[in-house]
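Subject: Structure for you to look at

Hello,

Here is the structure I said I would pass on. Please open it and keep it beside you while you read the notes below.

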Amino acid sequence: MTTRTTNPAARTVLVTGAGRGIGLAITQRMSEAGWTVYATARSESALARLNAMTNVIGVPLDITDRDAIATLPQHLPSTLDAVVNNAGIIVSGPVEGLSIDNLSKQLDVNVVSQIAVTQAVLPALRAGHGRVVFISSVSGLITTPGTGAYSASKYAIESLADALRMELRPWKIPVSLIEPGPIKTDMWDGMLDDYDAMTAQLSDEVRELYAAHLTGSRTLLGRMQKFAADPKRVTKAVHHALTSSRPKRRYILDTASRAQKLAVGITPTAFTDRILAAATT
Ligand code: NAP
């Protein structure tokens with residue numbers, strides 16, 4: 001791997017959702033590499049923990065707060081080497097039963113607000129010949145029953161990132177998508193509790209109609225939880241995207257995800273529909 005040779009101490013990155021999970025792991029990895037990390041979080045306690053770390057500056061930010069986005073550049077240096085759009089949520093459930101407010105929130109946090117953050121820092125990135133990274137997901141390549149809202153958000157960010165990468169060519173600003181499979185964070189640790197809460201919120205009618213699917217999906221989630229990988233798998237890819245002279249456009253991080261993408265690409269939709277539907281009933 002070829003790395004940029006300039007002094008890492010002078011390098012700066014904004015990481016959103018850095019208080020825990022993958023965002024915290026990225027913050028640790030890049031600060032240990034000597035970068036100055038502007039690490040956003042929502043709670044006072046997370047910001048205090050971030051500020052106590054070497055080379056880390058905590059920035060209070062709810063990415064859905066448009067006023068806060070407008071003032072974000074005031075908390076950052078005028079030149080930036082990178083932004084890592086990491087903050088995200090997962091809304092699950094059958095499409096027929098999705099609360100429209102939750103669907104809107106899913107798309108706001110995982111798509112619209114990530115673009116709002118990116119727009120806000122692009123002048124600083126342009127000034128710093130910087131890079132843009134989005135933490136997408138294998139769910140941005142493959143849709144499974146019960147995760148339509150989350151997949152829609154990740155497909156959307158894949159598409160926006162692809163457009164952005166082509167549009168930013170004149171300024172040589174690379175845009176990378178990281179596409180992890182399951183990673184061991186709060187997102188997976190709390191998955192079954194969140195799933196049960198989602199099920200409880202469904203109307204009686206939808207819960208009855210989708211009873212087999214809801215039970216099957218819960219069983220599958222429990223199995224997948226055991227395969228969740230260490231966040232280091234993601235941080236290694238992010239480090240490459242930020243430091244390599246040839247950052248990849250896409251980082252698929254494991255063989256299972258690569259195989260799933262290939263299988264979905266070459267298999268007739270009717271066949272994959274049958275397989276994926278059967279896996280969740
Ligand atoms: P996590 O442990 O649940 O952490 C989510 C992070 O996002 C938290 O720091 C949270 O902040 C922040 N966040 C949520 N809503 C926000 C908002 N409105 N404004 C600012 N920050 C907000 O999840 P994770 O697993 O680390 O996921 C991070 C990213 O990786 C997400 O984009 C996710 O889709 C993606 N991903 C995860 C996996 C996986 O299996 N874990 C796989 C593929 C992709 P608070 O602490 O304030 O809530």
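The notes below cover the ligand and then the nonpolar cores.

Please keep in mind that this is a predicted model.

The ligand

The ligand is surrounded by 27 residues, and the closest are Arg20, Arg42, Tyr150, Thr185 and Trp188. By type, the shell consists of 13 nonpolar, nine polar and five charged residues.

A polar backbone atom of Ile63 is 2.9 Å from a nitrogen atom of the ligand. An N or O atom in the side chain of Lys154 is 3.0 Å from a ligand oxygen. For Ile183, a polar backbone atom is 2.7 Å from an oxygen atom of the ligand. On its own the ligand would expose 890 Å², and the protein buries 92% of that.

The elements that contribute two or more residues to the shell are α1 (21-32), α5 (148-167) and α6 (186-189). The largest share, three residues, is from α6.

In soluble globular proteins, nonpolar side chains tend to be buried together. The largest nonpolar core here has 31 residues, and those touching the most other members are Leu14, Leu72, Val117, Val121, Val132 and Phe134. At least two residues each come from α3 (66-71), α4 (100-127), β5 (131-135), α5 and β6 (175-179). The biggest contribution to this core is that of α4, with 10 residues.

To see how one member sits, look at Val121: leaving aside neighbours within four places in sequence, Val121 contacts Leu14, Leu72, Leu76, Leu80 and Val83.

There is also a second, separate core of 28 residues, including Ala46, Val56, Ile135 and Ile183.

Regards

How values were computed: Residues numbered from 1 in each chain as written. Predicted model: local features only at pLDDT ≥ 70, side-chain atom pairs only at ≥ 80, totals over all residues. Heavy atoms only, no water. Near = heavy atom within 4 Å. Polar contact = N/O pair within 3.5 Å; in protein donor to acceptor, adjacent residues only side chain to side chain. Areas by Shrake-Rupley, 256 points an atom, 1.4 Å probe, with all protein chains shown as cover. Helix = DSSP H or I, 4+ residues; strand = E, 2+ residues; numbered from the N terminus. Nonpolar A, V, L, I, M, F, W, Y, C, P; charged D, E, K, R; others polar. Core = buried A, V, L, I, M, F, W, Y, C linked by side-chain atoms within 4.5 Å. Buried < 20%, exposed > 50% of the residue type's maximum accessible area, 1.4 Å probe, protein only. Contact = heavy atoms within 4.5 Å.
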